[in-house]
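Hi everyone, thanks for coming.

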Amino acid sequence: VSTQSTWGHLTGKENTTLPRHKMSGNLITGLILLCAITSCYSAEFGDKASDKWDHYVSSLMTKYGHIGIQTACLPRKFDPPADQPYIGTVVMFHGFTACPDQWTELAQKVSTLGYVVLTPLSVGHGLNYTVKGGKTHDNIDFMPDSHKGYEEFVHIINDIAASAGGERVVVGLSLGGALAAYASVTPELEYDRRILMSPLMHLNSSLNEKINEIVNNIPHLRDYRAEFGRACEVERSLGRGGYCQYRVKHVYGAQDFGGNYFNHISTHTPTKMPTQLISSQYDGTINSETVFKLAKKYNLSAISHCQLPEEAGHSFLSIHDSPKQNKYWKEETEWRVASFIAQKSLTRVIGNGVVIQTSPSLDDSLFHVDQNGELISENYQERRCRVDCTPASCAFVPVA
């Protein structure tokens, strides 16, 4: 697997076009060329992809065996039901200091539609913690402190996805959104669709980013161990996987990765890859305006961006973040996302008998665009994701 930086490839990949072929009279050659154009998808996940996934999981166990991995953080593979024909593979990247359990409910929904869903564990994340004298100590020192560690991780996962048959879709939240964006422009494969949720391209404060950059260059200070606080420990006690602590250099590593992608992507080549950008009206973690600028960088070709209600916050699909909150938007949004992934219209009854009908088209399902596919509003704060549910009709509180 190549671990070379792909930043230099970003401009070209977003504007990928098929090469011209000189057709010959040979039937076999013609079929080969047809496969090159149509992708000739294999209708199975395949032994090669399975072996590579198993090798990835076993390598984690070998690398971190002396520490162990939290149960909620183990990489998972969700298979379609036995009576559901295989369509393709979906990769879901989780967020900074979080774990694959962020994706469990969405992954289960998507798998019922005929997809194998892979939820890998991000590099250096999810290791077992220790408790001494009532104080929790996270084993955080394997997390990357620059973009290179995350690049290498993405290439490993992309190599697995490239070996799978059928369609390939990539999804990510927060840091995982940046990982998914990067994964979609690497040389290993070209995904069919991508969904970027609150992608961490820049932090919510440019001042904080600058401070992190300065402190990261000061020995000892860059190794300072910080904490998310009591709220994170409460979430952990209620089942959340992941870390509640980090070092300054780890935050810098995440912002370095997201910032590199954002700064290097072309501003002139419209993406041909159907893409959804989803964020919330208020996000205390990322710079929401940067998500809007990312949509502009993609030139809005086959793309849209909308925002969930303010109360949805940053990790809006995770039952483990703010678990006592009424996440009334969660199940509806998951089915709308699943509809886009599968490119399939769905009808589901959720909450207190609310019937939702989804469509894979951008204008009918989750995102508000005009007849030409352009975003209706130039003001990113005015774009609203479609949510038919209300706090009363679809009340959902993970922990009462």
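Let's start at cysteine 389, which counts as buried at 5% relative accessibility; buried here means under 20% relative accessible area, with a 1.4 Å probe and protein chains only. Cysteine 394 is buried too, at 5%. The two are joined in a disulfide, S to S 2.0 Å, where a disulfide is a pair of cysteine sulfur atoms within 2.5 Å. The torsion about their S-S bond is about -60°, so this disulfide is left-handed.

A word on the source: this is a predicted model, so local features need pLDDT of at least 70 and side-chain atom pairs count only at pLDDT 80 or more, while totals for chains, interfaces and linings use all residues. Residues are numbered from 1 along each chain as its sequence is written, and side-chain values use heavy atoms, leaving out hydrogens and water.

How many disulfides does the structure hold? There are 4. Another one joins cysteine 306 to cysteine 385, S to S 2.0 Å, and with 90° about the S-S bond that link is right-handed. Both ends are buried, cysteine 306 at 1% and cysteine 385 at 7%.

Then we have cysteine 232 and cysteine 244, with sulfur atoms 2.1 Å apart. Their link is left-handed, with -85° about the S-S bond. Again the ends are buried: cysteine 232 at 6% relative accessibility, cysteine 244 at 2%.

Finally, please find Tyr56. Among the residues that tyrosine 56 touches are Pro75, Phe153 and Ile160, leaving aside residues up to four places away in sequence; contact means heavy atoms within 4.5 Å.

Note on methods:
Buried means under 20% relative accessible area, exposed over 50%, partly exposed in between (1.4 Å probe, protein chains only).
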